[in-house]
Amino acid sequence: MTTRRIALALQGGGAHGAFTWGVVDRLLEEDVEIVSVSGVSSGAILGTVLVQGLAEGGVPAARKAMRQLWMKVAHAQALHPWLWGWDFLWGSDILWQGFEATMRLFSPSLLNPSGHAPLRKLLESVVRRELLNDWNAPQLTVSATDVQTGEAVLFDNVAIDVDILLASACLPFVFPPVEIGDRAFWDGAYSRNPPLQPLLWPLPPDEIVLVRALPMRRGDVPRSATEIFNRLNELACASALEAEVALLPKSIRLVTYADEEELAAQPISSKVLVGEARLTALFEAGRRAAPHVRA
């Protein structure tokens, strides 16, 4: 069987990025060559450690680096600044609704006046720019949303650092915008989720593998304010993605991995709950969602 040259497009989704980790881990067991990666938010962070691992030691190093990343996330509670050790409490969506309502009423400057970002310390421990710029590293593209223009701004291997990844994962109701130069940035999912066009350059891959960490469809109609707000975010991210898919050349094969039932069944709070057991369950769901390569 001929090795397939694939490009990975990794959606954001907070802790649901552990689902993406499972899909990618499963794909690395097949006869594939990852030639390029794009991502936003948690997908961008996962893509960064994946690319670094491939540059440093190929598939074994990449799989090890991804696991180490998510175990660090679990132990640091790094996807949310106020939930350390409270995973059992926030498993209740009733409590989460009250907490999220508070976030919408007050600006990040009031709720998080110091701009405390536990994710920064974690990223500083895992980002290795010398590996991102290694000649053997796959092409990596990370997207963040320019707050003032609403446009997606794309960053490549040379530019990507801790600040870029923080910008790509910046939740507007939790953190102040990440300022880089004279621009301010929010989560990249609002404009590209994830970017697809950079994966076509310099040569188109055999296929683009899109990993969706957010459900496209839900069986229930949202009723509460939290459910409505969550669904609006999902629809906005889905719209940005569909616009990109529509621009792909007809000759490009697009393969999507997702588990609608599993992702839709997760409580809304699951996007920021990062206990090891929860992340491992999402990882295993991701592995199940990635079937064996077709003959």
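Tutor: Contact means heavy atoms within 4.5 Å. This is a predicted model, in which local features need pLDDT of at least 70, side-chain atom pairs count only at pLDDT 80 or more, and totals for chains, interfaces and linings use all residues. Residues are numbered from 1 along each chain as its sequence is written, and side-chain values use heavy atoms, with hydrogens and water left out.

Student: Which residues of α11 are buried?

Tutor: Helices (H or I, at least four residues) and strands (E, at least two) are DSSP runs, numbered from the N terminus. Buried means under 20% relative accessible area, exposed over 50%, and partly exposed in between, with a 1.4 Å probe and protein chains only. The buried residues of α11 are L279, L282, F283, A285, G286 and A289.

Student: Which elements are included in what covers the buried residues of α11?

Tutor: The face of α11 turned away from its buried side carries the exposed residues A277 and R288. For the buried residues, the cover includes α1 (17–27), α2 (42–76), β8 (254–257) and α10 (260–265).

Student: How many degrees lie between the planes of W21 and F283?

Tutor: Rings of Phe, Tyr and Trp (its six-membered ring) pair if their centres lie within 6.5 Å; planes under 30 degrees apart count as stacked, over 60 as edge-to-face and the rest as tilted. A search of the whole structure finds two aromatic pairs. W21 and F283 form a tilted one, with 4.0 Å centre to centre and a plane angle of 35 degrees.

Student: In which helices do W21 and F283 lie?

Tutor: W21 is buried, with a relative accessible area of 1%, and F283 is buried at 4%. Their pair links distant parts of the chain, 262 residues apart: W21 is in helix α1 and F283 in helix α11.
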